[in-house]
Amino acid sequence: MTDLKTLAEAIIKGDQNTAVEITRAAIDEGTAAESVLNDGLIAGMDIIGSRFKKNEIYVPEVLIAARAMKMAMEILEPELVKAGVKPIGKLLIGTVQGDLHDIGKNLVAMMLKGAGFEVVDLGVDVPPEKFIERARATDVGLIGMSALLTTTMVGMEKTLEALRDAGISAKVMIGGAPVTQGYADKIGADGYATDAASAVDVAKRLA
Ligand code: B1M
């Protein structure tokens with residue numbers, strides 16, 4: 001019987017071949033897809049998140065772990081669908097208009113996927129209209145905005161206002177190097193996170 005701790009360890013090490021192999025073996029043995037997800041993949045990403053928060057590991061290790069998780073998820077996803085496992089929440093995320101930085105945003109998206117969220121990624125340079133249009137089309141409960149420039153950060157307020165004017169009531173969380181809790185409070189965002197691991201905690205609270 002496959003030990004899902006070894007799957008978590010493969011994710012932590014970013015060993016995508018082993019992660020894929022163990023995921024496949026667990027499914028073939030009839031292990032419940034939800035258990036492979038929670039006790040293997042998410043368990044591994046949880047540890048990555050907490051080590052990242054404590055500065056015990058850095059961005060490259062997180063990206064490597066997330067890549068291993070992504071490969072294993074490609075095998076697991078059809079099984080989750082068959083088993084009717086629901087994501088814990090659905091989130092739309094993008095880097096605001098005028099801003100092309102996406103490394104942090106991608107990290108946040110990966111960690112949220114790792115935590116069991118369905119993530120719709122709008123990419124970079126996302127105008128308010130696109131946030132509105134996709135929020136309507138996907139009926140998300142949570143919207144995430146990222147900005148890395150002091151000049152584009154102001155676009156968060158504009159986007160938030162546009163979302164509210166359009167009658168979209170999804171909770172909004174923001175983050176990015178120049179963003180602060182004070183700024184989030186000022187513009188009326190529902191949540192703010194300093195890093196990708198904290199973003200998972202905030203998203204879980206808001207979802
Ligand atoms: Co740019 N850049 N850049 N850049 N760049 C910065 C941000 C800068 C601080 C560098 C500097 O001057 N020291 C500076 C901004 C200054 C400011 O406004 N205060 C800057 C500048 C000025 C520029 C240009 C204007 C340069 C130019 O062309 N003259 C230009 C702007 C382009 C544009 O966006 N329109 C530009 C371009 C670029 C590149 C394209 C070359 C490249 C981006 C590549 C890419 O993203 N695909 C780039 C890079 C790489 C950087 C630095 C070096 C690194 C950013 C990064 O990826 N950090 C950066 C300097 C630095 O930070 N040392 C810099 C790693 C990443 C994991 O962290 O994105 O902070 P971060 O994400 C964290 C948290 O912030 C948080 O979680 C993440 C993970 O822990 N977080 C969230 C992020 N989003 C979140 C959302 C959430 C919650 C948490 O909820 C939804």
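## Pockets and a cobalt ligand

The lining of the largest pocket takes at least two residues from each of α3 (33–53), α4 (59–83), α5 (103–114) and β2 (117–121). Helices (H or I, at least four residues) and strands (E, at least two) are DSSP runs, numbered from the N terminus. This is a predicted model: local features need pLDDT of at least 70, side-chain atom pairs count only at pLDDT 80 or more, and totals for chains, interfaces and linings use all residues. Residues are numbered from 1 along each chain as its sequence is written, and side-chain values use heavy atoms, with hydrogens and water left out.

A pocket is an open set of points on a 1 Å grid over the protein atoms alone, where a 1.4 Å probe fits, with protein on both sides within 12 Å along at least five of seven lines; lining residues have an atom within 4 Å of a point. Grid points are joined across faces, edges and corners, and a volume is the space filled by probe spheres set on the points.

The largest pocket has 26 lining residues, with M73, E77, K113, F117 and E118 nearest its centre. α4 gives the most, 8 residues. Domain 1 (4–83) and domain 2 (89–206) both contribute to this lining, so the largest pocket lies between them. The domain bounds come from an automatic or database domain assignment.

The second largest pocket is also described here. Its lining has 26 residues, and G104, V108, G176, T194 and D195 are the closest to its centre. β1 (89–95), α5, β3 (142–146), β4 (171–175) and α9 (196–206) each give two or more residues to it. α5 gives the most, with 6 residues.

| Pocket | Volume | Lining by class |
|---|---|---|
| Largest | about 620 Å³ | 15 nonpolar, 3 polar, 8 charged residues |

Ala, Val, Leu, Ile, Met, Phe, Trp, Tyr, Cys and Pro count as nonpolar, Asp, Glu, Lys and Arg as charged, and the others, Gly among them, as polar.

Now the ligand. Its cobalt atom has a single protein donor, H101 (NE2), 2.2 Å away. Donors are N, O and S atoms within 2.8 Å of the metal (3.2 Å for Na, K and Ca); water is not among the atoms, so sites may look incomplete. H101 sits in the loop between β1 and α5.

Around the ligand are 27 residues, of which G98, L100, H101, D102 and S146 come nearest; each has a heavy atom within 4 Å of the ligand. α5 gives the most to this shell, with 4 residues.
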